[in-house]
Amino acid sequence: MQQSEDVKDEDLPANTLEHFAELDQVLEMIENMLPIQAEGFERGFEHYTEVLSRYQEQPHLLDTHLEVLLSRLLGKIREAAPPTGARDAAFKYLYIICKVRTYKVLVKFMPHELSDLEFVLQLLEQQDPKQFENWETRYMLLLWMSILVLNPFHMSRLDAQQLGTPTETDENNFVLINNVNNQAVTVTPKMERIFELCKLYSSTNDTCSSMAAYLAAKYFVRADIKDLYLERYLDWIMDQHQADTLQVKFGQLAAVAAILKHGKREDLLPYADKLLKWIVGCQYKDVNDFLKYKYYIKIVQRLGLVHLKPRIASWRYKRGTRSLARNLNQASAAGDAEVIADADEADADAEEIVVPDAIEEVIEELLQALRSGGNDIRWSAAKGLGRVTNRLPKELADEVIGSVIGILSPLEPHEAWHGACLALAELAKRGLLLPYRLHELVPLLMQALFYDEMKGYMSVGQHIRDAACYMCWAFARAYNPDDLKPFVQQISSGLLTVAVFDREINCRRAASAAFQESVGRLGNFPYGIEISTTTDFYSVGLRQHSYLVISDFIAQYEEYREPMIDHLVQRKVGHWDAAIRELVAKALHKLTRRAPRYMAAVVLPQLLAKTETIDLNARHGCVLAMGEITLTLRQLELEGPGNVYLTNQRIAELNELINSFVERSYYRGMSGELMKSCSASFIRNCSLAQLPATDVCLASWQRVIDMCLITTSSTIRTAAVEAFAELSRAYYCEEKMSAGNAQIIGRYLEGADNDLEEHIRMGHLAALGVLPEFMLRPQLNPVMYKLVLHSLTNQSAAGDHENQQTFRWSEARTQSVYALCKIVQTIGYDDTKDGFGNQHLFNDVVKCMLNAMAEYTLDNRGDIGAWVREAAMTSLFEIATTCPKEMLEEDLVHQIVAGFMQQAVEKIDRTRGLAGRLCCRLIHTQPAIPHIKAHARLLEIFPSDENTVLWLFADNTFPLFCELLALPDYSKRVLLGLCASIGQLTESLIKYASNAFFEFLRSHKQMVPRLCTEIIQIFEEYLLNERITYPMLSFLDILMGSGTIDAVLHDEQNLFAEDVYRLLNLEVKGYKKLYKTATSIGTYCQLIQVPRLSRRIFAKMSVFLGLQHVHVRKTAATKLYEALALHGDATEIPEENMDEILSLLSETDWTAPLVQVRPLRNQLCNLIGIQPPVSGGAAAANKQVTVADK
């Protein structure tokens, strides 16, 4: 164990890969690649995709193997005459590599020989852009072409290898002379062909258009192409968009943006004004199409960069050299070369900056884009604004920065706040935010860090808080420690508050990263190193851990304690998410120990004032928080007698709180549900704190608890039960309360008899279960009677219309069983008449739970009786392991152990897992449970460490429990459970259960007769009990068909087969239930292999073949055919009739009307050699005729 802990690297995620382990497998898949139309192509391609997709997060692991992968695939692509579809398949495989590793990396590994240019060009020209299923082929060919067009040779020379040399040219064609035949051949030059391909594929609104844009950017910026084709291409795109503004080709916009990105400024400047006028005139920002707007912004910002000369602003903030070691040691940063260059001198030395008029329009468009509804648009505009501002003079740049800061206004929408935060972060990264702006920016930054507003039924602000963390990160990298020193307390507290208390995981992690960056870069955050090691990426990932553990750690430092508490009280206690409000209350509970006086003097009055608000969320959060704070303050007062935090006035206010809510009717309606839950928590905490309470206060608390017990919400009922337990334990123990206690118990006993609503009964039963001992002892008998009564089903209720509803109340019976167990634990096992040391009383409880373990109530939710069985098993285990061992009688212990074993092999995974785990614990309990039969053998079968078995998985548990079949004391109950598992419908469960059972039968052949006898006993005992007999019919079919009991079936001394036949007849008598009748047919047909029963089975099958139910006739014919095909030799059917019988069974349409089917059935009976069945009326008529003849 020590070695494994040493090897474990906690800094890396658990699924980190180290190298490309599947290289040989992938190469083999490429080698065995099928054409796309082949049958097995999709299966192989999916497997290939799945293998490579594992490296999506670590694509660099493929780099060393890309060359060999590409060489194999390109080898298949270059084949002279590949099979149809093989080349497309290779391109699909190649695209998956491109998707994982990205095209920008893959293109560097693509071959770029001139010999490939014509080959790729021809393939592209052969493609059909409308053939959508092979789009990967076009995509990869365009990517390949983008590296081929970068060859250093003049493109016109590449056409010299044609038939001859050109004699004359026109705009688009060369006329070449064939020297052999003196024929003139017109050949389109490669430059023109590539130009046409760029136009074609940039006009397709599919994935290939983005790659066509990339190709255009690489092609049209060539020195030999730009003069010939760049203007033509741009004019063509502008004409296209002016002609049709509805069906916009996004590839064309992407191509313009890419050309502006990759082209040289001097080449693009002549077209800049025309392009800007065109793109602004298209008005793409006015339509609700984010894709158009994104390309619009990209083009506008790049046109702005074309207008301005590349330069770095001389006035920008220069931090100078930075030493991480110096920052960590918090040494003086005076030695750094941090100076703000004097703007006037810099401007004097530098050449005068000329700002074209178009720049004003560009900046205006970028500022507007910061308010866009698209996240990508705002992000692109922020980066563009940073780039453009970097080339502006100081005065104009200052105006731009002022405009961005002006966006951070309460009147602006949340999108504008997000865009402005991104833009300011980009400006700070480039040193364009001068330090004098910090006094204005930091307060706005604090607002952005905590931005969270409700918008309808949702909250907005997550993206703003994330962008604000990015701003802090950028500030840490941009400024010197001295510049940020006045704001360190604000920024560090804000970042830690977000890192610990934000609802969203990405915001918590972003704040954690920004805090760590600030600690490393600035070195002046208080206790930065200690805190940053605790608030790392993984620690803040769990919200509960952040709220309850990390916050408590940070609160030990005084600088952060009160800001964190204030944030919780002012912003989080009324949060819209109820889960956050509950965590806030728990966090305040822990933080109270760090600042008890601040909590008592400042926080509690604020929370009490907020309880009068109309904001339901705030009221709910405040009540929760006050309960937790009060509990901690009282605990501190009790720990140190000299400590007094709660004044008499504060105690009186807390006493009046719940009563004021009752008077204001806060517990009515939908909002009342929230108030009930927080009030129950408040009462519980005040009771735990033993807060001095008046009689009026106690009456109001009890009234609220009574209201909570009858609500439909299980969470509120549970909270109310916990509150009642603490309330009664703390305040009802006085002698003067005895009369009131009796009244409370009387009301709850009456409520337990409620037969109108199940939840009302559940709440009162649960409350009876948590009664303290001093309240319970005087009323033990009536309470016991009610709990036992409501733990069991009323057997007559199934046919009684008045009790039909309560018969389905399994959840109430579950609650009653748990309550009964709690009462036993409360009273204990003393020897008094009213204690559970009384053997008779103890036995009554155990027998009640044993009966509850046999509940199998069904409704539209399924086997809801499983809840009761699980509660009974848990309770029996608790009682058996905690009671004095001499109280456990042999018969009861055996029933408990056998019941656990039966449940451990039944059909519900959850129930089976619980039963198996409890059974294993019970067997290995120390001191040992007495009277467990075959205890020594059970200790051998079940492992001492229960965690070594996966109890929820059938393949782990069934082999274990099938070993119990060798023990006669337990085999019958285990068989009963196996019948339910093997005979039901879940295929995987049938597979594992039957495999384990049959394996046991094969290895213990001498026990097979005994087990068969026990199966018959179970069948007979539960005859006509459909819960057992339905799966029993399928179980017998599978068992007899397995071949494991052939010796018993063919033993004429053993009556197993006859008993099965007899019980089957009794079970399906009358054929009234279609499902049962159809299921029994398989079992009947399995008995055909027993020669002494075959004629009786044939007679029974002939009846089934003539019944009016179509499904029964079809099933009978199919099963009889299968049985005769397998066991026909064991019957007395003449061999010469067998083929005709099988043909009649298989070829007859048994769904035809009975008038057509019955003659064929009679013919079948004659061939088999039995009398055709006669209906009851016909048989009576024949009898009368016979009597008359006599």
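**Surface patches, salt bridges and backbone features of the model**

In the predicted model, Leu950 is placed in the loop between helix 46 and helix 47 (954–962), where helices (H or I, at least four residues) and strands (E, at least two) are DSSP runs numbered from the N terminus. Because the structure is a predicted model, local features need pLDDT of at least 70 and side-chain atom pairs count only at pLDDT 80 or more, whereas totals for chains, interfaces and linings use all residues. Residues are numbered from 1 along each chain as its sequence is written, and side-chain values use heavy atoms, with hydrogens and water left out.

Leu950 has a relative accessible area of 46% and is therefore partly exposed, since buried means under 20% relative accessible area, exposed over 50%, and partly exposed in between (1.4 Å probe, protein chains only). Together with Leu952 and Phe953, Leu950 forms a nonpolar patch on the surface, and these residues have about 300 Å² of accessible area together. Such areas come from the Shrake-Rupley method with a 1.4 Å probe, and for residues only the protein chains shown count as cover. Patches are made of residues with over 30% relative accessible area and no salt bridge, like charges being joined within 9 Å and nonpolar side chains (Val, Leu, Ile, Met, Phe, Trp, Tyr) within 5 Å.

A patch of negative charge is also found on the surface, where Asp357, Glu360, Glu361, Glu364, Glu395 and Glu399 gather. Helix 17 (358–369) and helix 19 (394–407) each supply at least two residues of the negative patch, and helix 17 gives the most, with 3 residues. Glu364 has its place in helix 17, and it counts as partly exposed because its relative accessibility is 43%.

The structure holds 54 salt bridges, a salt bridge being a side-chain nitrogen of Lys or Arg within 4 Å of a carboxyl oxygen of Asp or Glu. One of them joins the side chains of Arg521 and Glu517 at 2.8 Å, N to O. Both residues belong to helix 25 (residues 505–521), where they stand 4 residues apart, about one turn of the helix. Arg521 is partly exposed, with a relative accessible area of 25%, whereas Glu517, at 18%, is buried.

A further salt bridge brings together the side chains of Glu639 and Arg593 (3.0 Å, N to O). Glu639 lies in helix 31 (residues 616–639) and Arg593 in the loop between helix 29 (578–591) and helix 30 (596–610), so the pair ties together parts that are 46 residues apart in sequence. With a relative accessible area of 53%, Glu639 is exposed, while Arg593, at 42% relative accessibility, counts as partly exposed.

Arg684 and Glu722 also form a salt bridge, in which the closest N and O atoms are 4.0 Å apart. This pair links distant parts of the chain, with Arg684 in helix 33 and Glu722 in helix 35 (residues 714–731), 38 residues apart. Arg684 is partly exposed, its relative accessible area being 29%, and Glu722 likewise counts as partly exposed, at 40% relative accessibility. Elsewhere, salt bridges that share partners join Glu118, Glu125, Lys190 and Arg193 into one network.

The backbone was examined next. Most residues other than glycine have a negative phi, and most peptide bonds are trans. Gln690, a residue other than glycine, has a positive phi near 55° and lies in the loop between helix 33 (669–689) and helix 34 (695–709). Leu1024, which is not a glycine, has a positive phi of about 70°; it lies in the loop between helix 50 (1008–1021) and helix 51 (1026–1041) and counts as exposed because its relative accessibility is 54%.

With regard to domains, the protein chain is divided into domain 1 (22–155) and domain 2 (1070–1187), the bounds coming from an automatic or database domain assignment. The centres of the two domains, taken over C-alpha atoms, are separated by 64 Å.

Methods
Lys, Arg positive; Asp, Glu negative; His and termini not counted. Charge placed at Lys NZ, Arg CZ, Asp CG, Glu CD.
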